[in-house]
Amino acid sequence: MSKQIRNLGVFLVCCYTALFLQVNRLTVFQAKELQNDPRNNRQVVRDFSRPRGTIETVDGVVLAQSVESDDRFKLQRVYPTKDLFAHVTGFFAFQLGSAGVEKTYNDALAGRTLNFSLKELGDLFVDRERVGNVTLSLRNDVQEVAREELAGRNGSVVALDPRNGEILALYSNPSYDPNVLANHDFTAAAAASDELNNNPEKPTRARTYMERKPPGSTFKIVTATAGIEHGGVTADSPSYPVQSEYRAASFGQPIGNFGGGSCGGTLFVILQESCNTAFAQMGVENATALGLTASASDFGFNASVPIDLPGGVRSVWPTDKVANDPPVLAQSSIGQNEVSATPLQMALVAAAVANGGKIMVPHVMREVRDGQQDVVDRFDPEVWTTAMTPDTAELLRQAMISVVTDGTARNLDNGLDGNIVVGGKTGTAQIGNEDSSHAWIIGFAGPEGEPPTVAVAVIVEAQPGVSEQTGGAVAAPIAAAVLKQALTAPARPDAGATATNSSG
Amino acid sequence: MNYASRRTTELGLLVLGSMFVVGAYLLASLPDDSPIPTKVGPFLGITVGLPLAAHVAMRRLAPQADGMLLPLASLLNGLGYVFIVRLDEARDAPRGLAGLQSLWMILGVGAFVVTLMVVRDARKLERYRYTAGLVGLVLLLMPLLPGLGQVIHGSRIWVSIGPVNFQPGEFAKLALAVFFAGYLIEKRELLAINRAFGPFSLPDPKHLGPVLIAWAVALVVMVSQRDLGSSLLFFTLFLVLLWVATERASYLVVGILLFSGGAYFAYQSFGHVRERVELWGGFWALIGPAGEKITQIDQAAFAMADGAWAGRGLGLGTPTNIPVVESDFIYAAIVEELGLFGGAAVLIAFLLMIGAGLRIAQQAASGFERLLATGLTTLLGFQAFIIMAGVVRLLPLTGVTLPFISYGGSSLLANYVLLALLLRISDDIANRQSAQLAAHQLTEVV
């Protein structure tokens with residue numbers, strides 16, 4: 001009997017050892033996996049019930065904050081600016097998850113990043129909740145101008161600082177009120193979400209970086225870059241023939257100019273007039289498919305823009321289709337056919353020219369501060385991609401300035417001081433064969449003799465009429481107003497680094 | 001050996017355990033939004049007064065018994081109580097489980113003292129083995145009686161008599177342990193005879209009768225009461241005792257084969273058994289926001305993953321996400337809030353109790369006492385193992401309570417009686433050894 005009782009003991013010890021090992025697995029080795037299980041909402045519940053930092057603009061306007069509520073979560077997330085910054089802040093909701101900055105900087109807002117953990121060690125005996133307050137690089141005043149100028153029309157405005165990638169404005173119509181999704185009445189929140197999702201205009205989608213459209217003639221900056229860098233194009237040669245039609249091959253549709261007109265000439269002239277036939281010819285004969293593909297990808301086409309917001313889409317350059325099809329290449333060279341781009345990408349095209357060819361990583365976060373206003377994290381500017389050489393950039397900068405002084409983008413310096421140098425490029429992208437088009441403009445501005453401090457892209461979607469004037473007439477005044485506001489000093493003096501006081 | 005010092009050890013350990021439990025309660029009540037009100041008076045009475053009362057009874061009724069079992073049981077019981085208070089108060093509509101559990105604890109310690117008083121000599125229980133067997137069988141099958149049996153949470157293991165609901169299975173296992181120990185000691189010679197079947201040496205089929213009866217009863221319990229846990233526990237108890245009594249491992253093999261075969265047959269033939277098995281992941285499958293199924297087992301795993309090394313802290317987790325966490329799943333709540341360390345501490349406490357129980361079994365003088373102590377320890381150790389193994393996804397989930405920790409009157413009462421019986425056997429050993437020593441010394445003097 002003794003032996004059996006001893007063996008029973010050994011068996012039970014084995015059982016308990018197995019239990020111990022399994023508890024190790026669950027609490028330590030599998031813990032991350034279990035916590036990331038999509039059905040596990042414990043982290044969300046915890047985040048939901050604990051203090052959460054604010055999101056503010058650089059000029060001190062509160063975009064998101066947690067206020068006390070008397071329901072089971074004790075705190076309610078509110079968005080005082082409603083639809084104005086919805087696509088930037090996103091929302092923080094219980095069942096619907098989160099979006100925007102609320103999602104990207106969740107750990108910082110909840111005070112859960114490494115920096116906070118280290119600080120917490122020192123706070124062991126102090127009753128203090130660590131939260132992170134996120135300050136964005138966006139400016140409330142510029143954002144407001146963007147919304148005002150779009151005046152309810154579907155479209156997007158992106159403004160950024162080409163020198164460091166800080167986004168100054170990121171607004172698109174239609175927008176939505178994040179408060180309805182963050183509602184603790186989950187039934188109401190779900191109903192609101194369904195209604196937004198069923199809306200064919202998709203108000204929850206940020207058109208600035210989640211939707212792409214054919215960029216039309218604004219893409220000619222990319223074509224010109226490819227022509228200069230891969231096709232030997234200079235300011236003086238070649239001089240493209242003045243013609244009303246360009247045939248890339250014996251087959252396929254010829255390229256015509258808007259309104260059937262004729263145009264041609266050297267780089268500056270054809271850019272000022274936005275000459276389709278000349279740029280189609282440059283694309284096919286000078287830049288070639290290889291060169292254009294190289295330049296497009298140097299600008300970031302076909303790659304995800306590394307912005308610190310979730311859900312962005314990449315812009316498209318049809319590498320495979322243009323390879324052996326000159327007519328498609330001709331159409332693509334003027335930003336039609338299957339070329340499509342987000343407004344953010346097109347703003348980055350302008351920024352590349354403004355910043356000596358380098359595109360900085362675009363970002364909305366400027367810094368994260370803790371409750372004591374100590375900075376715990378800051379976005380360090382870094383280069384995302386190099387689109388062209390500094391020489392090419394300088395040439396194109398001059399060319400784009402001439403488009404404002406002598407070309408289709410004359411409206412881009414409306415209301416701007418004389419000592420501000422502005423460059424731009426308009427675009428009109430026909431929608432199928434309809435008599436309507438997307439009106440585009442991209443551009444940059446800055447004080448004379450200094451690198452431009454603001455780059456901008458504006459699209460107003462589905463405008464009646466198809467002519468090269470559309471972009472200059474519809475989109476340029478919006479961009480001009482945005483540039484003007486962005487060039488004034490922001491309301492808070494400590495944020496002066498991004499803008500230059502033009503009146504001073 | 002100086003058995004007198006055992007009570008001093010016991011008192012010291014009880015004080016240590018009570019300090020831990022009181023500390024745990026205070027910690028759980030500290031957070032700003034703590035669900036626990038700091039009602040210290042009645043709480044101290046329950047967590048300090050009750051163990052001390054049991055200790056005083058031990059000093060009078062079993063002064064030379066093992067000194068570790070009672071402090072370990074009190075510690076586990078106190079820890080369980082803190083968690084039950086914490087879990088119940090955290091609910092939107094507390095069900096007053098804390099108050100009830102303190103009542104069960106008082107009754108449990110009462111039953112402990114009464115058992116020590118009534119059973120003055122464990123060997124005398126051997127006389128009542130057939131009565132115990134009958135009582136055990138009746139209790140086991142009682143929930144099947146129409147009018148008495150209640151189906152709660154899918155299992156028919158409850159009996160209602162007037163206002164009292166209880167699980168007779170918890171008491172049946174004690175009666176059956178007495179019966180098996182007595183019966184097997186009586187028949188061990190006969191049952192130990194092996195016959196050669198070719199290369200194998202197997203028990204004579206003539207003597208397989210009791211095995212078959214136990215097997216049949218286990219299957220009836222499984223199929224009719226849908227209670228896999230009790231069925232498994234009951235059959236394990238029988239097999240272990242049969243093996244220990246006869247010293248024939250072949251019984252283990254035959255028994256395991258029979259049980260597996262029977263369980264498979266039941267699974268194939270009875271829809272509700274199959275359904276129960278398929279719900280092994282937990283009876284309460286919740287439906288998540290995307291329509292996906294989240295079982296109790298999943299919730300328990302999420303809770304334990306949140307616990308990590310040191311736990312979220314008492315009162316700081318959200319264990320009430322797990323349906324009926326205070327009974328079968330209380331171990332998950334402990335691991336969530338006390339972490340791997342706390343979970344390991346509970347395992348060690350159970351292992352120490354198993355060790356103490358088996359030591360008593362080894363030292364017991366009569367075969368009956370040895371078997372009874374083995375059986376009682378098996379019940380305690382194996383029941384704790386199968387429910388914790390179910391909670392941590394080591395084995396399929398079988399709904400039994402975690403001894404001394406889970407909420408529940410029947411379970412607590414039965415386990416305190418079990419503890420008293422073990423301590424009674426331990427005290428007998430010491431008494432006999434003292435008597436022998438005295439006789440020895442007497443002879444020398446003469």
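# Working through a two-chain model

Helix H11(B) is mostly covered, with 12 of its 12 residues buried. Keep in mind that this is a predicted model. Let's work through some exercises.

**Exercise 1. Which residues of H11(B) are buried, and how does the span of this helix compare with 1.5 Å a residue?**

Step 1: Find the helix. H11 covers residues 296-307 of chain B.

Step 2: Pick out the buried residues. Among them are B:Gln296, B:Ile297, B:Phe302, B:Met304 and B:Gly307. The two Asp residues, B:Asp298 and B:Asp306, are on the list too.

Step 3: Check the span. With 12 residues at 1.5 Å a residue, you'd expect 16 Å. The end C-alpha atoms are 17 Å apart, which agrees.

Step 4: Look at what follows. B:Ala308 comes after H11(B) and has a positive phi, near 50°.

Step 5: Zoom out to the whole chain. Chain B has 14 helices and seven strands, and 52% of its 446 residues count as buried. Now take its contacts between residues at least 6 apart in sequence: 72% of them join residues at least 24 apart.

**Exercise 2. Which helix supplies the largest share of the side of chain B that touches chain A?**

Step 1: Count both sides. Here 40 residues of chain B are in contact with 29 residues of chain A.

Step 2: List the helices that take part. H8 (228-246), H11, H12 (330-363) and H13 (367-391) of chain B each supply at least two residues of that side.

Step 3: Find the main supplier. H12(B) gives the largest share, 12 residues.

Step 4: Sort the residues of this side by kind. You get 25 nonpolar, 10 polar and five charged.

**Exercise 3. What is the strand order of the open sheet of five strands in chain A, and why is one side of S8 and of S17 left without a neighbour?**

Step 1: Read off the order. It goes S8-S7-S19-S18-S17, with antiparallel pairing.

Step 2: Go to the edges. S8 (167-173) and S17 (420-430) of chain A each have a single partner strand, so one side of each has no neighbour in the sheet.

Step 3: Follow one pair. S18 (residues 436-447) and S19 (residues 454-464) of chain A are antiparallel and share nine bridges. On that pair, A:Ile441 stands opposite A:Val458 in S19(A).

Step 4: H16 (residues 343-354) of chain A lies across S7 (155-160), S18 and S19, running at about 140° to S19(A).

**Exercise 4. Where does H13(A) bend?**

Step 1: Compare spans. H13 of chain A (residues 276-298) has 23 residues, and a straight helix would reach 33 Å at 1.5 Å a residue.

Step 2: Locate the bend. H13(A) bends by about 95° at A:Ala287.

Step 3: Look past the end. Just after H13(A), A:Gly300 has a positive phi of about 105°.

**Exercise 5. Is A:Lys321 buried, exposed or partly exposed?**

Step 1: A:Lys321 is in H14 (residues 319-323) of chain A.

Step 2: Count its neighbours. There are 16 other C-beta atoms within 10 Å. Buried takes 20 or more and exposed takes 12 or fewer, so a count in between means partly exposed. That's the label for A:Lys321.

Step 3: Look for contacts beyond four places in sequence. A:Lys321 touches A:Val328 and A:Glu338 in this way. A:Glu338 is 17 residues away in sequence, but 8.8 Å away in space, C-alpha to C-alpha.

Methods:
Residues numbered from 1 in each chain as written. Chains lettered and ligands numbered in written order. Predicted model: local features only at pLDDT ≥ 70, side-chain atom pairs only at ≥ 80, totals over all residues. Pairing = 2+ DSSP bridges. Helix = DSSP H or I, 4+ residues; strand = E, 2+ residues; numbered from the N terminus. Contact = placed C-beta atoms within 7 Å. Axes fitted to C-alpha atoms, helices over the stretch in contact; angles between N-to-C directions. Expected span 1.5 Å × (residues − 1). Bend = angle between axes of the 7 residues up to and from the residue. Nonpolar A, V, L, I, M, F, W, Y, C, P; charged D, E, K, R; others polar.
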